[in-house]
Amino acid sequence: MRNIHPIRTYFYDNSFKTRTICNLCEASYPIDTNLTNLKNHFYKHHKTEYDLAINKHEKNKKEIQNTNLLSKIPNATNIIITKYILDNTDYEIEETEEIESGN
Ligand SMILES: [Zn+2]
């Protein structure tokens, strides 16, 4: 599963898929422009949105770290813990050890 950086969500592709266009000011870049350039555009021209997107990205990264932890745990346990994470923002790793010993 690919994680799309929040900055990317502010850009849309033209119908020929040759350019990516800023939702806020219509500035257009080649479709293969790297994320750094798009970030720089936001940093310079849309500072508020830039800050929002970066904050959101930091949050996503934490969620991915949680998901990576899950990949080390057997499948059946994953489901339980995924639900646990969805219900609670943070969780205790001790919980998983308890469940595993029940197998
Ligand atoms: Zn723009």
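1. The secondary structure of the protein chain comprises four helices and three strands. Here helices (H or I, at least four residues) and strands (E, at least two) are DSSP runs, numbered from the N terminus. From the N terminus on, the elements follow the order β-β-β-α-α-α-α.

2. This is a predicted model, in which local features need pLDDT of at least 70 and side-chain atom pairs count only at pLDDT 80 or more, while totals for chains, interfaces and linings use all residues. Residues are numbered from 1 along each chain as its sequence is written.

3. An open sheet is formed by three strands in the order 1-2-3, with antiparallel pairing; two strands pair if DSSP finds at least two bridges between them. Strand 1 (11-13) and strand 3 (28-30) are at the edges with a single partner strand each, so one side of each has no neighbour in the sheet. On average, neighbouring strands of this sheet are turned by 30° against each other, direction ignored. For such angles, axes are lines fitted to C-alpha atoms, for helices over the stretch in contact, and angles run from 0 to 180 degrees between N-to-C directions. In general, strands of a sheet pair through backbone hydrogen bonds, either parallel or antiparallel.

4. Strand 1 and strand 2 (residues 19-22) run antiparallel and are joined by three bridges. Tyr12 has Ile21 of strand 2 as its bridge partner. The hairpin of these strands has five residues between them, and Lys17 takes a positive phi near 55° there.

5. Three bridges also join strand 2 to strand 3, again antiparallel. Arg19 has Pro30 of strand 3 as its bridge partner. The hairpin of strand 2 and strand 3 has five residues between the strands, with Glu26 at a positive phi near 70°.

6. Glu26 lies in the loop between strand 2 and strand 3. Glu26 counts as exposed because it has 7 C-beta neighbours inside 10 Å. A residue is buried if 20 or more other C-beta atoms lie within 10 Å of its own, exposed if 12 or fewer, and partly exposed in between, with C-beta atoms placed from the backbone. Glu26 and Tyr12 are 14 residues apart in sequence, and their C-alpha atoms are 9.5 Å apart.

7. Of the 103 residues of the protein chain, 9% count as buried. The largest nonpolar core has six residues, namely Ile7, Tyr10, Phe11, Leu38, Phe42 and Ala53. Such a core is a set of buried Ala, Val, Leu, Ile, Met, Phe, Trp, Tyr and Cys residues joined through C-beta atoms within 7 Å. Leaving aside neighbours within four places in sequence, Phe11 is in contact with Thr20, Ile21, Cys22, Asn23 and Leu38; contact requires C-beta atoms, placed from the backbone, within 7 Å.

8. In helix 1 (residues 35-45), the buried residues are Leu38, His41 and Phe42. Seen down the helix axis, these buried residues fall within an arc of 95°, so they line one face of helix 1; the arc is that of the directions from the helix axis to the C-beta atoms. Thr36, Asn37 and Lys44 are exposed on the other side of helix 1. The buried residues of helix 1 pack against strand 1, strand 2, strand 3 and helix 2 (47-70).

9. UniProt lists residues 10-47 for "domain: BED-type" in an unreviewed entry; such annotations may be inferred rather than shown by experiment. The span of residues 10-47 is 32% helix and 26% strand, and its end C-alpha atoms lie 13 Å apart.

Note on methods. Two residues are in contact if their C-beta atoms, placed from the backbone, lie within 7 Å.
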